Amino acid sequence: MHFEVWAPQAERVTLHGAGVTGALERDRDRPGWWAGQADATDGTRYGFALDDGPVLPDPRSRRQPDGPDGLSAVVDHRRYAWRADWAGRGLTGAVLYELHVGTYTREGTLDAAAARFGHLAELGVTHVELMPLCPVPGRHGWGYDGVSLWAVHEPYGGPEALKRFVDTAHEHGLGVVLDVVHNHLGPSGNHLSAYGPYFTDTHHTPWGSAVNLDAPGSDEVRAFLIGSALAWLRDYRLDGLRLDAIHELHDQRALPFLEELSAAVDGLAGQLDRPLFLIGESDLGDPRVVTPRAEGGLGLHAQWNDDVHHAIHAAVTGERQGYYADFARAPLAAVAKTLTHGFFHDGTFSSFRDRHHGRQLDRTRVPAHRLLAYTQTHDQVGNRAQGDRLSASLSPGLLACAATLVLTGPFTPMLFMGEEWAAGTPWQYFTDHTDPGLADAVRKGRRREFAAHGWAEEDVPDPQDPATRERSCLDWSEPGTGHHARVLAWYRELIALRRARTDLQDPDLAAVRVAYDEEARWIAYRRGDLRVAVNLSGSPVSIPLGRPVAQVLAAWDPVELPGPAGTLTVPPESSVIAVAP
């Protein structure tokens with residue numbers, strides 16, 4: 001088997017394991033690369049020593065069976081016999097479902113999560129978006145402290161379990177998207193700096209030195225990240241990747257890394273003859289992120305749109321703190337603006353940032369399906385002090401209203417696991433750091449952060465306490481009972497309606513027409529021949545739809561057809577979808 005590693009600063013590189021200990025030779029055709037041959041098969045442990053130092057895992061390790069600091073293991077991807085004949089599933093018409101493997105079930109494994117695909121297929125979602133799977137210290141964590149960007153966290157089941165997960169998902173007609181983190185690596189088990197200039201002090205991020213995308217040596221760092229991305233899509237037959245916090249990918253080269261990555265992914269899609277896509281998490285409010293490369297953009301296929309979340313959250317909860325302040329001044333106007341223009345901050349002043357923010361989106365060039373809409377995500381739930389979901393404070397009716405705004409809007413909807421039945425479990429921030437010093441620093445940092453917002457220390461869950469993860473696991477006895485069952489039925493009805501009615505899949509933002517009454521707390525909008533009416537108030541309201549209605553397609557509470565004037569009476573905290581004649 002051929003072994004190779006990029007270590008441009010080393011004078012000597014030794015392969016350990018694979019039944020031998022031997023020096024690698026410099027690759028004369030690739031500066032900084034070392035290579036050699038050794039007998040090895042699937043599962044063979046190995047590592048590299050630089051200049052007779054400690055044996056380190058391979059930066060491109062496909063498996064870390066003993067954790068981030070252990071030896072790497074060879075993975076022969078040819079051994080897995082794929083069952084599903086999968087042609088791929090693109091983003092157009094999609095409904096995504098964000099899922100954390102470690103808390104989706106109490107078992108916390110990929111196999112246990114896959115056993116619940118029947119629920120997702122019946123729900124009607126099209127893609128599962130997995131939170132990061134790269135190895136982290138300990139057993140449980142969110143995944144954003146991962147290292148070994150080519151490997152699967154062993155407690156989740158390792159590489160074979162991910163293949164079984166994807167294969168089973170495809171058999172159920174579900175695509176699979178993976179959240180990958182290119183903007184930093186975790187503080188524990190990260191050995192990349194020993195090998196070469198993977199990081200640079202030219203730029204800094206909230207996690208420290210930036211990943212090196214534009215300083216000396218950045219060609220190989222870019223190749224490392226792009227190679228990792230393509231490996232997930234090719235070797236595990238994934239359908240797309242979600243790119244974490246792309247605004248922290250600092251890059252001043254003429255060819256941006258994201259543009260280079262999107263071109264590589266499109267090239268692989270052509271080779272495999274199936275659709276592949278990239279979804280960026282972006283705080284930039286910049287339409288160029290999702291503008292095609294041929295039109296001067298970065299070429300990502302979609303991005304998360306927090307502006308939709310913030311507008312709906314402010315409207316249904318009344319919260320005004322932090323970044324909700326600008327949206328809360330006139331929350332229904334904010335919802336209306338996002339429904340028709342995509343971004344709320346499109347060059348407007350952001351009081352949270354104390355500057356103008358964002359850029360106007362050209363509705364003739366950017367289809368709405370390139371923006372993801374949601375009312376809850378791992379960030380928006382888990383980064384609250386107690387990880388409380390909307391279901392902890394809102395009535396089932398208001399939860400249904402929020403779902404209506406997302407699932408009948410022009411964007412690509414995304415759900416966060418459990419929201420479809422108004423899960424009663426929180427989703428809190430938890431870690432399992434094996435370094436006592438790091439564990440204590442994380443614990444104190446979390447409590448210090450929320451103490452500044454008035455939280456008592458004892459009210460902020462300890463991330464290292466195993467009970468914090470246990471509380472965050474979904475309770476699968478809930479979906480069939482009480483208000484949980486009613487909310488679940490509503491989600492299923494809305495997703496089925498979205499699939500059946502092409503008007504709800506129309507990505508033309510300019511075609512959406514919105515009316516609202518801030519004081520009466522109602523909003524209504526037109527999607528082709530469909531009329532959507534949402535009443536967030538505690539009293540019935542009369543909403544003028546502008547024309548008669550032929551049929552009510554879905555209603556949270558029973559309603560009567562409006563008269564000739566087209567005025568619909570909507571019960572409190574309720575929503576209606578109707579069709580015009």
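Colleague: Let's start at one spot: what is the relative accessibility of Glu-4, and how does that residue count?

Modeller: Glu-4 counts as partly exposed, at 29% relative accessibility. For the labels, buried is under 20% relative accessible area, exposed is over 50%, and partly exposed is in between (1.4 Å probe, protein chains only). Before the rest, some ground rules: this is a predicted model, where local features need pLDDT of at least 70 and side-chain atom pairs count only at pLDDT 80 or more, while totals for chains, interfaces and linings use all residues. Numbering runs from 1 along each chain as its sequence is written, and side-chain values use heavy atoms, leaving out hydrogens and water.

The partner of Glu-4 is Arg-30: their side chains form a salt bridge at 2.5 Å, N to O. That pair spans 26 residues, from Glu-4 in strand E1 (residues 2-6) to Arg-30 in the loop between strand E4 (25-26) and strand E5 (33-37). Arg-30 is partly exposed too, at 28%. Here a salt bridge needs a Lys or Arg side-chain nitrogen within 4 Å of an Asp or Glu carboxyl oxygen, and helices (H or I, at least four residues) and strands (E, at least two) are DSSP runs numbered from the N terminus. The salt-bridge rule gives 35 in the model.

Next up, Arg-45 and Asp-66 pair with their closest N and O atoms 3.3 Å apart. Arg-45 sits in strand E6 (residues 45-50) and Asp-66 in the loop between strand E7 (55-56) and strand E8 (72-73), so this pair ties together parts 21 residues apart in sequence. Arg-45 is partly exposed at 35%, whereas Asp-66 is exposed at 52%.

Arg-164 belongs to helix H4 (residues 158-171) and Asp-111 to helix H2 (residues 110-114), 53 residues apart. There's also a salt-bridge network linking Asp-179, Arg-242, Asp-244 and Glu-281.

Asp-307, in helix H8 (residues 306-317), is buried yet has no salt bridge, and the nearest side chain of opposite charge, Arg-353, is 5.9 Å away. For charge, Lys and Arg are positive, Asp and Glu negative, and His and the chain ends aren't counted. The Asp-307 side chain does reach the backbone nitrogen of Phe-344 at 2.7 Å. Beyond its neighbours within four places in sequence, Asp-307 is in contact (heavy atoms within 4.5 Å) with residues including Phe-327, Thr-338 and His-345.

Definitions and conventions
A polar contact is a pair of N or O atoms within 3.5 Å; within protein, one must be able to donate a hydrogen and the other to accept it, and residues adjacent in sequence count only if both atoms are side-chain atoms.
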